[in-house]
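Hi,

Here is the structure I promised to pass on. Have a look, and then read my notes below.

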Amino acid sequence: MARSTSPARGVRRVAVVAASPVSMFNLAIPELLFEKVEIDGAPGYEVTICAPEPGPVPTTGGLDLYVRHGLDAVRDADMVLVAGTGLRYTPDPRTVDAVREAAADGKRIASICSGAFALAEAGLLAGRRATTYWGQAEELRKRYPSVDLLGDVLYVQDGPIMTSSGYAAGIDLCLHIIRTDYGAAAANRVARLALVAPVRPGGQTQFTQTPLPPERGTACADTRGWAMRHLDSPLTLTDLARHAGVSVRTLTRRFHAESGVSPLQWLLHQRIERAKELLETTTLPMDQVARASGLGTADSLRGHLVRRTGLTPSAYRTQFSRLGSGPGPGMEQAA
């Protein structure tokens, strides 16, 4: 998409750097998701695809993709995202220099798939937790031993630096970024528009987060759907097992095989996400938000939200409410 010279007020500018040869799927993810964000009738992001050398950029599919913008787009951006190839490659020195300078300027830096190699080459991952496409993890570990590489997660955020594994994990990363910038309701709306799974756990920029694994089966799908419709009820393992028509032991085994977490861990995550949406989209008092999301009391809501996001409920509402009638500008600090 062409860059405008004067973006809308408040819009976040994202420069997506195409590696060579670039994966068209990895390159398309940020544009497709960020371009769906609309806040109060205005775009939330302006996305520019760029490359070290404007013009034809080879893709992993054997096609050439014409990229109109050079790395000057990185200087104009608020955030830089390097899209990877999924193949073994050496990052272009011009890209490495551009992301290093962007980081020095305080911009957020992210990568999808093997784009992490450019971040590592720039020295941005030294001493940080990071991830990359599993097929390239050993190569990254070998080349850059100072990186604290997590090979079994979808995405990682360590301060202002974000990395994701390959391909569809880039979707999770972009939804995490949208949620961090605009809240859970905005991210979930984009997920629905894009027909992808809802947002996985994330937090404020000072935290490193590991998301829920993707669901890998359907045996418990009906029970998960039923639980989502009854989050405000005091559900127990016995209730879930009874709905699924199996023993508690069988439910726990199947649930973990499909979701990667226990039933109660999954249930808690969904309740916190429901609470966040209610904080963003309603003016309900905190005790009503807690009851409607199944977290019980306002104190329980506060404890879970502070642990997950670093913000109290009132601070979260101040930061992410889109109603225009929420609490005032002063944010209550987390205890």
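Before the helices, a definition: a crossing is left-handed if the near helix is turned anticlockwise from the far one by less than a right angle, and right-handed if clockwise. By that rule, α6 and α7 cross in the right-handed sense. Contact there (heavy atoms within 4.5 Å) involves Leu175, Ile178, Arg179 and Tyr182 from α6, with Ala184, Ala186, Ala187, Val190 and Ala191 from α7.

Two housekeeping points. This is a predicted model, where local features need pLDDT of at least 70 and side-chain atom pairs pLDDT 80 or more, while totals for chains, interfaces and linings use all residues. Numbering runs from 1 along each chain as its sequence is written, and side-chain values use heavy atoms, leaving out hydrogens and water.

Next, the strands (DSSP runs of E, at least two residues, numbered from the N terminus). In β1 (residues 12-18), 5 of the 7 residues are buried, meaning under 20% relative accessible area with a 1.4 Å probe, protein chains only. β1 pairs (at least two DSSP bridges) in the parallel sense with β4 (residues 45-50) over 6 bridges, and Val14 sits opposite Val47 of β4. β1 also pairs in the parallel sense with β7 (residues 79-83), over 5 bridges; here Val16 faces Leu81.

Last, Ser114, in the loop between β8 (108-112) and α4 (116-121). Ser114 counts as buried because its relative accessibility is 0%. Its side chain reaches the backbone nitrogen of Thr85 at 2.9 Å. Beyond four places in sequence, Ser114 has contacts including Gly84, Leu87 and Thr132.

Cheers

Terms used: Helix = DSSP H or I, 4+ residues; strand = E, 2+ residues; numbered from the N terminus. Buried < 20%, exposed > 50% of the residue type's maximum accessible area, 1.4 Å probe, protein only. Polar contact = N/O pair within 3.5 Å; in protein donor to acceptor, adjacent residues only side chain to side chain.
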